Amino acid sequence: MRTLRKKNLNSKDVKTSLKGAPKKGVPRKGTPSKSTTPRKRKVKKEKKSPPPEEDDLYKEPIKQIIKPPNQLQLTADELKSEVTRVLTGDDPNRPKNIVKFSYKDQCFKLDPPGLADHMAIHYVNEGYSMHTKSKEYENQKKIDELKKEREEQAEKAIMDEASANSNVVKTKENSKNRFNFSDRATQTLNNPMKTTFVGTEPPPVAQYSANVSQWQIYDSYVTEVIVSQMERAEGGFSRISNDKNDDHDNVGLHSEEAKQTLKIVERLVNQNSQDEMYQDFKYWEDASDQYRPGEGSLLPLWRFGYERTKRKQVTSLCWNPSNTDLFAVGYGSYDFLQQGSGYVCCFSLKNTSYPEYIFITESGVMSLDFSPDYPSLLAVGCYDGNVYVFDVSISSTKPIYSSTIASGRHNDPVWQVRWEREEPGKDLGFYSISSDGNVYNWSVSKNELKMEPVIQLKFLPSVNSDDQEMAITGLASGCCFDFNPKQDHLFLVGTEEGNIYQCSKSYSGQYLKNYYGHHMAVYSVQWNPFDNDIFISSSSDWTVKLWDFRQSSPLLSLDLGNSVGDVKWSPYSSTTFAAVSSEGKVHVYDLSENRQEPLCKQKVVKRSKLNKVSFSKNEFVIIVGDDKGSVTSLKLSPNLRGVSSSIEEDHDAQQLQEEDDDEYEKKKVDEKELQVERMKALRKVLGGVKDDI
């Protein structure tokens, strides 16, 4: 109903004439008279009055608003409220519960909507084409024949009538003006014809004959196969151009500018096709966390994979310290009988459909790590004991450094590599640990990779072991290690026997401290990023243990019910960590909220085992890898982040560049101090109840 402005009108004022201005001398009907004199005297006075002005000739007619009988009675608040209506292209009259019988599945299935189900026809123009064998064509053909016969009869009648007057017509046609008549004729020149012949030289022909034996055919075929495999292994699977390209590859679509443009276009297309996923990645917040304190959830985002790594296992994960959207994935196999080539794939959150860089190794990849000082350098440890250094900023897919027998190498799989901070006057290098019982320091020089032994792990049985076990001597099999963030000369080593040793770079002959608590292989050990006195470990004995480096026994032990493949501290909270188990579940704990049960225990993959987990330092996202070659990204709900709401808002504002950098850094320092205090308070509590757990 259209709303018009209302006026306070009398019943007499409503009924007015719609014929423009009133007649001269006659007042408008319903208008009260200004004088009480009779009408006749008023008419006489109006005759003597001057003519009216132009504004008084026309008065706007009064409109009356008539309320429909079926109008709803609405209050003033209801009238002011806005009602949104969404127009869709669906036909409301079209039924949506039509089912059809499927002979394939032997059951009735819901008929999906077709392309023309919701189509409205506004204009129809009938065609005039007919099939030659249809009845309509036969009828139309008969009508055309009758029409043609009638035209022939009419034409014949005209000709018969004209034949009667043929003499008169002939005299008129043959009559010519003898006084002004002349015959004229002209002739045009014909264009000359041209004939063109083109002859080509015949291609050269050479005769060749030779006797080919069966083994020569086989040798040539095998040679061609080997050459093609080597070309594909060098750079056939990489997006980066090969070093052996010709000069014409540097122009047009093969130029660096064109490749960069195509890369940006590919990312735009991928982000447009997955717009809903990127919206969840940026702005998703689980509102139910406000009503369930002590619980959280994980939102699955993307699943990264490569077609040639489906039968391989994810053995390592690492985020790039500079490009926060880039992470590397190592593919190999833990089974001795299923060894093959290894792959290193670098994925980006900006393009989730295909790896940005791909590197191939002769043996399976077991570990990798980005350099904190030079983010383009990637150290890789393999199952055969070799280590490689790749540079993702150059076009070559070959390693720039690799270990050899002459320079030295491990004899067993390299389970972990870790770069060290660059020091003035010292070569850049990284450390590696292997199950052969050695920890090596690799120095990157200009031409080669130099190896230097750091420590040889000796097996030390526990105090409560039997005499027979005490008699065993040899080297301990190293599985993992981690350097102290504050005191970089101290590092922890986890062994396959279940023991954890505290070592130093300065003392290569003995351990500084022994930690006994695990009964099987220790797969992961990590210092707390906020409190350098606390570290955590995971083992295949189904437990995750929290340690104080001053005590030989654990402060806290958590049983996850299955073998724990990896555990990592959260970079946002001092009391939050995530662990993955062989049953395909992710366990997220916050010890300041609950020291016995996880805040989130969510199954991520089916019929697969989770091997690795890693936190993103700039986004509230974790990635987990399984034994099927897939990497799944998950976003943490607010209850699993362990940070205050103010720092989350400041984090979002800083990404949108709405807050000053100095102010944001100051708030980050305050948040870090708060996390340190939380860990100290937790350590005091655990120190009092450690015997009861």
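Trp542 sits in the loop between strand E21 and strand E22 (543-548); strands are DSSP runs of E with at least two residues, numbered from the N terminus. This tryptophan has a positive phi of about 75 degrees, although it is not a glycine. Is Trp542 buried, exposed or partly exposed? Its relative accessibility is 41%, so it counts as partly exposed; here buried means under 20% relative accessible area, exposed over 50%, and partly exposed in between, with a 1.4 Å probe and protein chains only.

Keep in mind that this is a predicted model, in which local features need pLDDT of at least 70, side-chain atom pairs count only at pLDDT 80 or more, and totals for chains, interfaces and linings use all residues. Residues are numbered from 1 along each chain as its sequence is written, and side-chain values use heavy atoms, leaving out hydrogens and water.

Now let's look at the sheet around that loop. Four strands form an open sheet in the order E20-E21-E22-E23, with antiparallel pairing; two strands pair if DSSP finds at least two bridges between them. Strand E20 (522-527) and strand E23 (556-559) each have a single partner strand, so one side of each edge strand is left without a neighbour in the sheet. From one strand to the next, the twist averages 15 degrees. E20 pairs with E21 (residues 534-539) over five bridges in the antiparallel sense, and Trp527 stands opposite Phe535 in E21.

Finally, visit Arg607, in the loop between strand E27 (600-603) and strand E28 (610-615). Arg607 is another residue other than glycine with a positive phi, near 55 degrees. Its relative accessible area is 83%, so Arg607 is exposed.

How values were computed: Axes are lines fitted to C-alpha atoms, for helices over the stretch in contact, and angles run from 0 to 180 degrees between N-to-C directions.
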